[in-house]
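Let's get to know a new structure by working through a few exercises. Have a go at each task before you read its solution.

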Amino acid sequence: MTDPRPALLAATRDRRACTGESHQALTALHRSGADIRAIAAADPEQAELEAAATLAVCRIGIQGAHPLGIASLHPEPHRLTMRLTPRPYVVRLWAEALLPCHAWDAHTRTDPRDRVGGVYGLRWHTTASAVHLYRPRTPGLLRLTGFPARWWPRAAAAAERSRGPLVTGPDWTPDEHAAEAGIRDTALRPTALLSPLLRRIRATAGTGAVQATDAWAAYGGLRLETMDGPPCAELARLLGPGSCGPGWTAASAWCACERPAGREGCVMTLRTPDGRWTVNCTAQRSPRTAADLAALSAEGDRRAFA
Ligand SMILES: [Zn+2]
């Protein structure tokens, strides 16, 4: 009998590159009958939640060992489990980015999107091993794992001290409802790009010690910036029409990956199969070294819950 492992390893190579899941975990899923080659698309409300979270987390510009601080993730249609880097500063940054808060000058603002920050409607509770982020009376769940769940309330309290009062009621507030209605299905938050990207965020990671992935809405789609990310050809393959990819195709590229100096200033445009959206990718080199990162992280950890 032939050993099935090499075939399984080859079959899951792209998925592992996109999600960071272990071969063992995927083998167990395979045994339970799941399709481990593909990455499931999110259900509609789940996708909205993921899109909102992606924009918020990108805004803080984490530079760390993993893109957006995500060491691995496990995508399912109705929820997304993300294992974060187990560092207090990463957990603090996530809490600060995601949790909705009242703007300090809300009384002077007329646009509800300026009156409340973070992910509108987001609430949380902790379990023994995870933080659950959800929106009341709305399907969808983000599970954060990989760190002591008791860090989260401390990070939330610290975020409140720095940003102002968090929105914590049992239901959406009228401002949150209005703000969400004002951004949903607009070019300000292209859910059709952001959710598939988050579900494959490890595809934006290279081999450097300091990873930084940034994405923001731009006219007609997204800008995606990687630091010390993968070679353009690898990124295009993982985000392309393969079994794991979202099916985006490269429309144009200026690539320096093969040049002796390497990587500086690569640009690539990807397009969704329906031609509706584009993702403009740029690759930079991180100016930071592993030693810089260690020093910054230690300082961030020291102040994480202050
Ligand atoms: Zn390139």
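This is a predicted model: local features need pLDDT of at least 70, side-chain atom pairs count only at pLDDT 80 or more; totals for chains, interfaces and linings use all residues.

Residues are numbered from 1 along each chain as its sequence is written.

**Exercise 1. Describe the overall build of the protein.**

Start with the secondary structure: there are 11 helices and 12 strands (DSSP runs numbered from the N terminus, H or I of at least four residues for helices, E of at least two for strands). Next, take the radius of gyration, which is 19 Å, close to the 19 Å that the globule rule gives for 306 residues, so the protein is as compact as a globular protein of that length. (That radius is taken over C-alpha atoms, and the rule is 2.2 Å times the number of residues to the power 0.38.) Finally, picture a box of roughly 65 × 45 × 45 Å along the principal axes, filled by the C-alpha atoms.

**Exercise 2. Find the domains and look at where they touch.**

Now check the contacts (C-beta atoms, placed from the backbone, within 7 Å): 14 residues of domain 1 meet 15 residues of domain 2.

**Exercise 3. Work out the strand order of the open sheet of 5 strands.**

Pairing needs at least two DSSP bridges between two strands. Zoom in on S8: 7 bridges join it to S9 (residues 221-227), and the two run antiparallel. There, Trp-216 stands opposite Arg-223 in S9.

**Exercise 4. Describe how helix H4 (residues 44-59) packs with helix H9 (residues 191-198).**

Two packed helices are described by the angle between their axes and the distance between the axes. For H4 and H9, the angle is about 80° and the axes are 8 Å apart. (Axes are lines fitted to C-alpha atoms, for helices over the stretch in contact, with angles from 0 to 180 degrees between N-to-C directions.) The pair is therefore roughly perpendicular, a label for angles of 65 to 115 degrees. Last, look at who meets whom: residues including Ala-47, Ala-51 and Leu-55 in H4 meet a set in H9 that includes Leu-194 and Leu-198.

Technical notes. Two residues are in contact if their C-beta atoms, placed from the backbone, lie within 7 Å. Angles under 35 degrees count as roughly parallel, over 145 as roughly antiparallel, 65 to 115 as roughly perpendicular and the rest as oblique.
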